[in-house]
Every structure is written in C-alpha cells, then in structure tokens.
Amino acid sequence: MKNMSGGFQPCWGEFRRLRRRWLLLLAFYVPVCYSAGWLSVRLFGSAKPAFVLALGWAVAAGLWGFRMIFWPCPRCGQAFLIPWGVFTGRCSRCGLPKWADPAGGAGMAS
Ligand SMILES: [Zn+2]
C-alpha cells in the first residue's frame, strides 16, 4: 500500500532497499571483479588487488544477504524470509503477504 508521500510503507521500504542493494551486489559481482582483474593485471602486473576487491565484495553481499534474510516481519517480528527465502510471497509464521499493510490492509504484488 502506498502512503501519502507516494512510497511504500516505511517497514516495506526498508525491505525493498535491502533487496534492491543485495540484487545489485549480486548482479555486478562478476562484471566488476572481472574488470578489476583485467585492470589490475594491466596496471600492477598482478591480480591480487582484484582478489581483495572480489573477497570484500563477496563478504559484503553475504552480510547484506543475512540482513535481508533476517529482516523482521512487520506484523509478527520473526524473520520474514525464513525458511522459504527471497521468493516467498508471505510470512511463514503469521501469513502476512509481502507488501501488505501489517495492520490489515490489502497487499500489493511484487
Ligand atoms: Zn510474520
């Protein structure tokens, strides 16, 4: 449900930001690391700086993924995505649909 400012409710807005950033981290992992490796070999003659970047990027994606997976359901406060993961459409504990108003309003499709 959209609020008066035109965005999603604050609780879902945080989830949406977490999900978007995590997907961006995943989507750009290979292109960025490959480009960094190519550039690193050209500039320094070694791929070590690119490995450091790749390792840091992987750690960041993992930590961001944990933040998203353990994001609390707006209604019951339990981890919303556990046990079904990012493709779940509702909370497995209380049944709140994704994007729905936790106070009882209608949900929105993702
Ligand atoms: Zn719930």
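Me: What counts as a helix or a strand here?
Reply: Helices (H or I, at least four residues) and strands (E, at least two) are DSSP runs, numbered from the N terminus. This is a predicted model, where local features need pLDDT of at least 70, side-chain atom pairs count only at pLDDT 80 or more, and totals for chains, interfaces and linings use all residues. Residues are numbered from 1 along each chain as its sequence is written.

Me: How many helices and strands, then?
Reply: The protein has three helices and zero strands, in the order α-α-α from the N terminus.

Me: Which phi does glycine 45 take?
Reply: A positive one, about 75°, just after H2.

Me: And what should H2 span?
Reply: Helix H2 covers residues 29-44, so its 16 residues at 1.5 Å each should span 22 Å, the expected span being 1.5 Å times one less than the number of residues. The end C-alpha atoms of H2 are 21 Å apart, which agrees.

Me: Switching topic. Where is proline 83?
Reply: In the segment after helix H3 (48-69). The peptide bond from isoleucine 82 to proline 83 is cis, with omega near 5°.

Me: Tryptophan 99: what is its phi?
Reply: Positive, about 75°, although tryptophan 99 is not a glycine. Tryptophan 99 also sits in the segment after H3.

Me: Why does tryptophan 99 count as partly exposed?
Reply: Because it has 17 C-beta neighbours inside 10 Å. Buried needs 20 or more other C-beta atoms within 10 Å of the residue's own, exposed means 12 or fewer, and partly exposed is in between, with C-beta atoms placed from the backbone.

Me: What share of the protein is buried?
Reply: Of its 110 residues, 10%.
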